[in-house]
Amino acid sequence: MKIGELAKRSGLSAFTIRYYERIGLLPYADRDRSSRRDYDPEILIWIEFLGRLKTTGMPIRDMLRYAALRKQGDATVPERQAMLETHRDQVRDRVAELQQCLLVLDQKIAGYAGEDQRMTDDDAATGKSKRKPAGARQARTR
């Protein structure tokens, strides 16, 4: 598969694909007779996995470390597994933190909905607000 098709199917730009190849996240592609990159379709699975790591916040240096270990073969499986387990724990912590933030936002939104209802109820009961606008107090004389 040529780089244009890979870009289209992966959602990455051709520039990003070449950059990932240059820094070692993607293996160097085979070349055709015209010296153009010719990628194996299996690369799409690896690109999708890299995208997941990126989305979950894995730093590029850790992705590079993982890619280098992957390239070394099965002897590095325990180390790769440990890296992913550590990252998974960090993702879980972040998800829990985001859940707490979501709860606070939901409570704040519900509070605003309640405030609107209170203001509607108060206006209906009194006809107008009893508070004077800011700065409406009379100055005292000395």
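**Notes on a predicted model: helices, core and aromatic cluster**

1. Tyr66 has its place in helix H4. Not counting residues up to four places away in sequence, Tyr66 touches Trp46, Phe49, Arg80, Met83 and Leu84, where contact means heavy atoms within 4.5 Å. The C-alpha atoms of Tyr66 and Leu84 are 8.9 Å apart in space, and the two are 18 residues apart in sequence.

2. A word on the ground rules. This is a predicted model, in which local features need pLDDT of at least 70, side-chain atom pairs count only at pLDDT 80 or more, and totals for chains, interfaces and linings use all residues. Residues are numbered from 1 along each chain as its sequence is written, and side-chain values use heavy atoms, with hydrogens and water left out.

3. Now the overall layout. The protein chain has five helices and two strands, and along the sequence these follow the pattern α-α-β-β-α-α-α. Helices (H or I, at least four residues) and strands (E, at least two) are DSSP runs, numbered from the N terminus. Of the 142 residues in the protein chain, 20% are buried. The accessible surface comes to about 11,600 Å², with 52% of it belonging to carbon and sulfur atoms; such areas come from the Shrake-Rupley method with a 1.4 Å probe, and for residues only the protein chains shown count as cover. Among contacts between residues at least 6 apart in sequence, 42% join residues at least 24 apart.

4. The largest nonpolar core has 22 residues, and Leu6, Ile17, Leu26, Tyr39, Ile43 and Trp46 touch the most other members. H1, H2, H3 and helix H4 (60-72) each supply at least two residues of this core, and the largest share, six residues, comes from H3. A nonpolar core is a set of buried Ala, Val, Leu, Ile, Met, Phe, Trp, Tyr and Cys residues joined through side-chain atoms within 4.5 Å. Leaving out residues up to four places away in sequence, Ile43 touches Leu6, Leu26 and Pro27.

5. For those who like rings, the structure holds four aromatic pairs. One of them is the tilted pair of Phe49 and Tyr66, 5.6 Å centre to centre with 45° between the planes. Phe49 lies in helix H3 and Tyr66 in helix H4, so the pair ties together parts that are 17 residues apart in sequence. Rings of Phe, Tyr and Trp (its six-membered ring) pair if their centres lie within 6.5 Å; planes under 30 degrees apart count as stacked, over 60 as edge-to-face and the rest as tilted. Phe49 is partly exposed, at 27% relative accessibility. Trp46, Phe49 and Tyr66 form one aromatic cluster.

6. The charged end of Arg70 sits over the ring of Trp46, 3.9 Å from its centre. For this, NZ of Lys or CZ of Arg must be within 6 Å of the ring centre and within 35 degrees of the ring normal.

7. Leu64 is another residue of helix H4, partly exposed at 27% relative accessibility. Apart from neighbours within four places in sequence, Leu64 is in contact with Ile23, Gly24 and Leu25. Leu64 and Tyr20 are 44 residues apart in sequence and 9.5 Å apart in space, C-alpha to C-alpha.

8. Finally, two backbone details. Ser35, in the loop between E1 and E2, has a phi near 65°, a positive value in a residue other than glycine. Most residues other than glycine have a negative phi. Ser35 is partly exposed, with a relative accessible area of 49%.

Key: Buried < 20%, exposed > 50% of the residue type's maximum accessible area, 1.4 Å probe, protein only.
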